Amino acid sequence: MTSLQRAKAFSESQGKKLALVVAPLAMIAAAAIPAQASVAPISPFPTGPSGVIGAVGGSGGSVTGILVGSPVVGSNGLPGLSVTGTGTETAINSGGTTLTFSYGGPVDPAFQNSFPASLPIEWHFIAAPSNTTDINWQLTYSFWDTATSTANPANTTGQFTGAALNVAGGTSVDFHGLGDVNLPGSLANFHIDLNVSWSAAGPGSTLTVDIPTGSLDLNPPTPEPGSYLLMSAGIALLVFRARRKARV
């Protein structure tokens, strides 16, 4: 056998070994992907640009922005909601004020009795003031059952708070986290409220809050299936290289 034939035979043998590694890992990855075929194609939550953005406080001025809700499939296979958007407040006076975001509405009757006693939530938003200020925030999820009007207090709520002190003007700060919220036995209405408080240095001072895509999530989605397959292929390649290096 010539040297060229020996090299070709070695390459083919290594390729077969790599296939034996990749195939089982790919099968494991496919099995790890949650089945989602049973999820109804409609969203139980209102979607689209149906949020409200405003300002409350002495320095509150003009406010611009938008909030949009999009349907997602949660890690438990149940429908969820992702709210994204942005808002900017321009102060008309100096002093404290609160930039507010509110999103909610009725739940589709077909889903009102489909949810468990609690759901996970995830948040991520970025606040950028034009002047140095303390920033305090409060995120509240509110839920009403079928027997309770939204004019009355919610049956269950989940509240999360945070702060960042002395945020320099012209910079930004990220707020993010995970939590759980309790739901009533029959979910008829819901509201998501994010309030971000700050202090303007004077007229024309601004605060911008960006809520990136997939950042105020009720029942967050699972990782993309492709990430499992890419991870498996990467592991297989590392194993192959390690074995080849050991033989050299």
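**One residue and its surroundings**

Mentor: Let's start with Asp145, which lies in strand β6. Strands here are DSSP runs of E with at least two residues, helices are runs of H or I with at least four, and both are numbered from the N terminus. Before we go on, keep in mind that this is a predicted model, where local features need pLDDT of at least 70 and side-chain atom pairs count only at pLDDT 80 or more, while totals for chains, interfaces and linings use all residues. Residues are numbered from 1 along each chain as its sequence is written, and side-chain values use heavy atoms, leaving out hydrogens and water.

Asp145 is buried, with a relative accessible area of 18%. (Buried means under 20% relative accessible area, exposed means over 50%, and partly exposed is in between, with a 1.4 Å probe and protein chains only.) Leaving aside residues up to four places away in sequence, Asp145 touches Asn155, Pro184, Ser186 and Ala188; such a contact means heavy atoms within 4.5 Å.

The side chain of Asp145 also has polar partners. One is the side chain of Thr148, in a polar contact of 2.7 Å. Another is the backbone nitrogen of Ala147, which lies 3.0 Å from a polar atom of the Asp145 side chain. A polar contact is a pair of N or O atoms within 3.5 Å; within protein, one must be able to donate a hydrogen and the other to accept it, and residues adjacent in sequence count only if both atoms are side-chain atoms. Asp145 and Val107 are 38 residues apart along the chain, with 9.9 Å between their C-alpha atoms.

Now let's step back to the strand itself. β6 pairs with β9 in the antiparallel sense over 10 bridges, and within that pairing Ser142 stands opposite His191 in β9. Two strands pair if DSSP finds at least two bridges between them. As background, strands of a sheet pair through backbone hydrogen bonds, either parallel or antiparallel.

Where does β6 sit in its sheet? The order of this open sheet of five strands is β1-β4-β9-β6-β7, with antiparallel pairing. At the edges are β1 and β7, each with a single partner strand, so one side of each has no neighbour in the sheet. From one strand to the next, the twist averages 15°, based on axes that are lines fitted to C-alpha atoms (for helices, over the stretch in contact), with angles from 0 to 180 degrees between N-to-C directions.

Follow the order from β9 to β4: these two pair in the antiparallel sense over 12 bridges, and Gly95 stands opposite Ala200 in β9. Nine of the 12 residues of β4 are buried, so this strand is largely enclosed by the rest of the structure. β4 also pairs with β1 (residues 52-57), antiparallel over six bridges, where Gly54 has Thr100 as its bridge partner.

β6 and β9 both contribute to something else. The largest nonpolar core has 40 residues, and Phe125, Trp137, Tyr141, Leu194, Val209 and Leu216 touch the most other members. Among the elements that give two or more residues to this core are β6 (133-145) and β9 (187-200), and β9 supplies the largest share, seven residues. A nonpolar core is a set of buried Ala, Val, Leu, Ile, Met, Phe, Trp, Tyr and Cys residues joined through side-chain atoms within 4.5 Å. In general, nonpolar side chains tend to be buried together in soluble globular proteins.

Ring pairs link Trp123, Phe125, Trp137, Phe160 and Phe175 into a cluster. Rings of Phe, Tyr and Trp (its six-membered ring) pair if their centres lie within 6.5 Å, and planes under 30 degrees apart count as stacked, over 60 as edge-to-face and the rest as tilted. The whole structure holds seven aromatic pairs. Phe45 and Phe115 make a tilted one, 5.7 Å centre to centre with 35° between the planes, and both of these residues are buried.
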